[in-house]
Amino acid sequence: MQELHDAPLAPLTTFRLGGPATRLITAGTDAEVIDAVRAADDTGTPLLVIGGGSNLVIGDKGFEGTALRIATRGFELDGTRLELAAGEVWTDAVARTVAAGLAGIECLAGIPGSAGATPIQNVGAYGQEVSATITDVVAYDRATRATVTLTNEECAFSYRHSRFKAEPERYVVLRVRFQLEDADGLSAPVKYAETARVLGVEPGDRVPLARARETVLALRAGKGMVLDPEDHDTWSAGSFFTNPILTEEQFAAFHACVREHLGEGTEPPAYPAGEGHTKTSAAWLIDKAGFTKGYGSGPVRISTKHTLALTNRGEATTADLLALAREVVAGVHDTFGITLVNEPVTVGVSLDD
Ligand SMILES: Cc1cc2nc3c(=O)[nH]c(=O)nc-3n(C[C@H](O)[C@H](O)[C@H](O)COP(=O)(O)OP(=O)(O)OC[C@H]3O[C@@H](n4cnc5c(N)ncnc54)[C@H](O)[C@@H]3O)c2cc1C
């Protein structure tokens, strides 16, 4: 266990933004994680759990309390069952499952961050979400001060959401267990239309695992969605806003706005999202509201490769980031009547301030 005081947090985030933490503890074992959490709770010290820092917006004033960096390691494969320690690097774990010939998380290649954070927002991309393969999550429960095992159902997964996000102060994830599939070296059925098109197959077909992973990585790289320290388009938290899910009534009002602003013939993206709900595309809304790729003149701009990513061009502060985020939210709201919601977790700041 390593302990630092007045430690800068910006280098621990993919945005490279945020002030220092009063104390920064790096824990390499589950016991060290639990000790650090208990010590903070015993003294009423605020706690911030950090994995890879790829979904965090930390305020410029930093964090008054204990920042706990999870650096545990563990990749255990037993047949088609996989157990990952929370601190495992997610994209490396995906590569290892593909090399082992197992399907289920190959399309989640290239997503930065730690395995332990994947259940928090039910990480997903290119037609896969971790909720489809997670069997259970071992976590330290700060309310009962005990280690618990939550089944997939108990994790209450939904689109970019879970029980862990609903109760953000309660659980510290220690281990995540997955049920993968041995499909003779083939991927899970390809669900995402863009991936299927690039692979030259029909949605629902399977392809060699390595090809699925490499195709996703190439698509992601083209959108600045694979970390590259040299490329400011990747100094981000990935998608900054979630795709809005609208009721029938809300969708009808939105549709009317679209016709008014963009003409009668324009149809907004619309995907089924459960009984009576439709999901639309945040990237489309942002673009059509006038915030196109590369938008901005300051140190934070929209990525030149993807409308949904806000990026630090090098000299930014979190205040700069929030200013652009608020401008986008207001512009989309004025145009389409929809309020975008940020995907990354904010610490000490809020878009609503
Ligand atoms: C370039 C880029 C592309 C991205 N693409 C995608 C994508 O395609 N799909 C997607 O879903 N996300 C994507 N993301 C977002 C991000 O990578 C994921 O949300 C990732 O799971 C965050 O992991 P992390 O370890 O970095 O979490 P952090 O940023 O460190 O933390 C995020 C939240 O999880 C909490 N947390 C972290 N670890 C634990 C733990 N062990 N126990 C309890 N709480 C914990 C933190 O306290 C915080 O609230 C992208 C980000 C970037 C920068």
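User: What distance separates the centres of domain 1 and domain 3?

Analyst: The centres, taken over C-alpha atoms, are 30 Å apart. Some ground rules come with that. This is a predicted model, where local features need pLDDT of at least 70, side-chain atom pairs count only at pLDDT 80 or more, and totals for chains, interfaces and linings use all residues. Residues are numbered from 1 along each chain as its sequence is written.

User: What makes these stretches domains?

Analyst: Their bounds come from an automatic or database domain assignment. That assignment gives domain 1 (2–70), domain 2 (75–222) and domain 3 (232–347).

User: How many residues of domain 1 are in contact with domain 3?

Analyst: There are 14 in domain 1, in contact with 14 residues of domain 3. Contact means that the C-beta atoms of two residues, placed from the backbone, lie within 7 Å. On the domain 1 side, strand β4 (residues 56–58) gives the largest share, three residues.

User: Why does the radius of gyration agree with a compact globule?

Analyst: The rule is 2.2 Å times the number of residues to the power 0.38, and the radius is taken over C-alpha atoms. For 353 residues a compact globule would be near 20 Å; the protein has 20 Å, so the two agree.

User: What share of the residues is buried?

Analyst: Buried residues are 45% of the 353. To be buried, a residue needs 20 or more other C-beta atoms within 10 Å of its own, all placed from the backbone; 12 or fewer makes it exposed, and in between it is partly exposed.

User: What makes a set of residues a nonpolar core?

Analyst: Its members are buried Ala, Val, Leu, Ile, Met, Phe, Trp, Tyr and Cys residues, joined through C-beta atoms within 7 Å. The largest such core has 96 residues, and Leu-68, Val-173, Leu-321 and Val-332 touch the most other members. Helix α8 (residues 318–336) gives the most to this core, eight residues.

User: Which residues is Leu-321 in contact with?

Analyst: Setting aside neighbours within four places in sequence, Leu-321 is in contact with Phe-15, Leu-17, Val-57, Val-300, Leu-310 and Ala-316.

Note on methods: Helices (H or I, at least four residues) and strands (E, at least two) are DSSP runs, numbered from the N terminus.
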